[in-house]
Amino acid sequence: MFSHPRLARAADNLVREQFCVAQGESVLITADSTVESDLIDAVVQAVLRRGGKPLVALAPSLPFQGGLSDPYVGDSLAAAAVASDVWLDFCFPYHAGSRIHSAAMQAQRCRYGLLAISRADSLARLYGAVDFASLIDFNIAFMEFVAESAGQTARFTCAAGTDVSFVLDKVKLKRPRAMNKPGMDTVPGAQSLYPVKDSVRGRIVIQALFDETYRKLRKPIAIEADGRITAVSGAAPEDNASFERALRRARGENTLGTFVHFTFGFHPAARLTGEQFVEDIRLPGSNAIGMGLPWWEAGGGENHPDGVVLDQSLWFDDLLLVDQGRFVGPERLRKQHDAMLRRLD
């Protein structure tokens with residue numbers, strides 16, 4: 001058994017602080033064959049310490065995320081999801097956007113966590129190696145700052161050649177301080193930036209990609225945008241076919257598609273693993289670019305590919321927020337940002 005106290009602290013922060021598991025609550029833990037047993041055991045023990053009733057559902061890895069996974073998911077899991085107070089989903093690809101996820105949300109009982117973490121050391125870093133309260137404080141403060149900035153022009157660049165701008169839309173999914181009501185939440189440490197439809201213009205050079213699998217790219221891929229995606233170039237042969245398939249599944253009719261979201265990653269303990277997508281997109285300065293139809297439009301869902309830009313610089317209008325991966329302002333946010341930098345043993 002992996003017995004490092006950081007892992008136990010991480011599981012407690014997830015179960016107690018974020019998802020507020022209470023005495024007698026039913027907690028569904030979904031995992032695929034890649035999820036380490038030490039991670040599952042740590043989370044089960046944390047649920048038991050809270051007096052909850054854990055159920056682990058282990059299944060083969062899904063070939064797709066969201067609605068495309070529906071044919072591969074049995075009725076027994078669908079029934080368990082609807083009947084759970086808390087659903088912690090470690091599967092990757094994940095269930096968010098699927099038929100059973102939609103049913104659980106519509107039943108208005110379940111608190112769903114899109115976690116998609118398979119390694120115990122990754123969970124330990126994201127939830128146990130940082131002061132969790134300070135992480136949440138900054139995450140919420142930055143989210144509110146983004147919400148206040150709707151209508152401004154966001155621009156981000158990177159040394160690999162990215163230079164893109166778009167108009168900021170309103171925040172679509174707001175993070176609660178604690179997940180104590182039915183709904184959906186994700187791992188802290190990143191904030192989505194939503195573009196106004198068809199406002200994205202420029203060039204994006206991605207260095208990692210999640211389409212049907214997640215991996216660092218042997219050759220960067222350049223994506224050209226003029227409102228929508230106009231061209232894709234530079235992919236290595238082993239990446240070209242799967243990326244094209246993913247874009248075609250997620251695109252709008254007769255186009256290469258549009259953009260669902262951009263992000264800013266800022267988790268001080270995150271590391272570039274090349275294997276854990278959810279951790280990599282929380283690396284300070286990272287940007288996860290979702291491409292396809294957004295989930296709030298008809299036919300959209302969590303089936304889109306995500307490309308990853310590293311070491312971004314980010315502006316809102318003329319205000320520089322991130323300088324090659326380093327958060328630089330404004331002052332009221334810097335204080336909260338710096339408060340979460342204290343590492344825990």
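What volume does the largest cavity have? About 60 Å³. Keep in mind as you look through these close-ups that the model is predicted.

**View 1. The largest cavity and the residues around it.** The structure holds 1 cavity of 30 Å³ or more. Look for Pro63, Phe64, Gln65 and Leu68 in its lining, along with Pro93, then Phe210, Asp211 and Glu212, and finally Arg249, Asn303 and His304. Sorted by class, that lining comes out as 5 nonpolar, 3 polar and 3 charged residues.

**View 2. The largest pocket, with about 700 Å³ of space.** Its lining is made up of 31 residues, and the ones closest to the pocket's centre are Leu114, Leu173, Met184, Thr186 and Ser192. By class, the lining of the largest pocket splits into 15 nonpolar, 10 polar and 6 charged residues.

**View 3. Ser286, in the loop between helix H8 (277-280) and strand E12 (287-292).** Is Ser286 buried or exposed? Ser286 counts as buried because its relative accessibility is 0%, and the cut-off for buried is under 20%.

**View 4. What Ser286 meets.** Zoom in on the side chain of Ser286: one of its polar atoms sits 2.9 Å from the backbone oxygen of Leu283. Leaving aside residues up to four places away in sequence, Ser286 also touches Thr263, Phe264 and Gly265, Asp280 and Ile281, and Val309, Leu310 and Gln312.

Definitions and conventions:
Residues numbered from 1 in each chain as written. Predicted model: local features only at pLDDT ≥ 70, side-chain atom pairs only at ≥ 80, totals over all residues. Heavy atoms only, no water. Helix = DSSP H or I, 4+ residues; strand = E, 2+ residues; numbered from the N terminus. Buried < 20%, exposed > 50% of the residue type's maximum accessible area, 1.4 Å probe, protein only. Polar contact = N/O pair within 3.5 Å; in protein donor to acceptor, adjacent residues only side chain to side chain. Contact = heavy atoms within 4.5 Å. 1 Å grid on protein atoms, 1.4 Å probe; cavity = no way out; pocket = protein on both sides within 12 Å on 5 of 7 lines; lining within 4 Å. Points joined across faces, edges and corners; volume = space filled by probe spheres on them. Nonpolar A, V, L, I, M, F, W, Y, C, P; charged D, E, K, R; others polar.
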